[in-house]
Amino acid sequence: MFPILETERMTLREITESDSPEIYQCFSNDDLTRFYGQDSFESIEQAREIIEKFAENYKEKRAIRWGIERKGIPGLIGTIGFHAYLPKNRRAEIGYELHPDHWHKGYMTEALKEITAFGFNELGLTRIGAVVFTENVQSSQLLKKAGFAEEGILRKYMYQNGVPHDTYMYSLIK
């Protein structure tokens with residue numbers, strides 16, 4: 001059964017096909033995807049496909065991705081979760097995005113705190129990593145605020161629109 005997490009202002013829940021419009025709104029927004037490592041969506045079918053991928057990865061215990069929904073207001077405003085999950089090595093990487101209409105309101109800080117606790121306490125993780133484009137100042141600030149330590153730069157590590165980018169590697173250790 002997919003774990004539902006609650007914060008003061010949000011519910012972190014399973015993403016379903018009915019969330020396709022909100023997922024499309026997020027991933028088709030160039031402001032959101034410019035530091036994401038994937039091109040912006042051009043069709044709602046791409047949203048359906050990524051939702052299927054999230055479900056498949058969860059079923060195969062490779063990843064878990066929650067939809068972020070404000071309490072009392074239906075509809076997702078973003079997603080957050082773990083990928084590159086390696087239970088044997090007790091580690092995973094975190095990924096997230098939030099629609100720009102909801103930036104600078106503390107939502108991601110709140111969601112990040114909840115899922116890192118879940119990762120350490122429920123999944124038994126020792127290490128949670130994060131890879132962030134060096135140009136993505138907001139994401140770097142968010143991770144540092146949450147206690148993540150910068151470990152170094154991965155040169156030409158991710159491509160965006162056919163261009164290689166350097167990334168920072170961050171980690172939070174239990």
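Which residue in S8 stands opposite Val 131?

Modeller: Met 169 in S8 stands opposite Val 131. Some ground rules come before the rest. The model is predicted, so local features need pLDDT of at least 70 and side-chain atom pairs count only at pLDDT 80 or more, while totals for chains, interfaces and linings use all residues. Numbering starts from 1 along each chain as its sequence is written, and side-chain values use heavy atoms, without hydrogens or water.

Helices (H or I, at least four residues) and strands (E, at least two) are DSSP runs, numbered from the N terminus. Two strands pair if DSSP finds at least two bridges between them. S6 and S8 run antiparallel, joined by 7 bridges. On that basis, 8 strands make an open sheet of mixed pairing, ordered S1-S2-S3-S4-S5-S6-S8-S7. S1 (5–6) and S7 (149–160) are the edges; each has a single partner strand, so one side of each lacks a neighbour in the sheet.

The partner of S7 is S8 (residues 163–173): 8 bridges join them, and they run antiparallel. Tyr 159 has Pro 164 as its bridge partner in S8. Gln 160 is bridged to Val 163 in S8. The two strands form a hairpin with 2 residues between them, and Asn 161 in the turn has a positive phi of about 55°.

Now the helices. H4 (residues 107–121) lies across S1, S2, S3, S4, S5, S6 and S8, at about 30° to S4. Axes are lines fitted to C-alpha atoms, for helices over the stretch in contact; angles run from 0 to 180 degrees between N-to-C directions.

H5 has four buried residues (under 20% relative accessible area; exposed is over 50%, partly exposed in between; 1.4 Å probe, protein chains only): Ser 139, Ser 140, Leu 142 and Leu 143. They span an arc of only 160° around the axis, which puts them on the same side of H5. That arc is taken from the directions from the helix axis to the C-beta atoms. These buried residues pack against S5, H4, S6 and S8, where contact means heavy atoms within 4.5 Å. The face turned away from the buried side carries exposed Gln 141 and Lys 145. Gly 147, with a positive phi near 100°, follows H5.

Last, the core. A nonpolar core is a set of buried Ala, Val, Leu, Ile, Met, Phe, Trp, Tyr and Cys residues joined through side-chain atoms within 4.5 Å. The largest has 32 residues, and Phe 148 is one of those with the most contacts inside it. S6, H5 and S8 are among the elements giving two or more residues to this core. H4 gives the most, with 7 residues.
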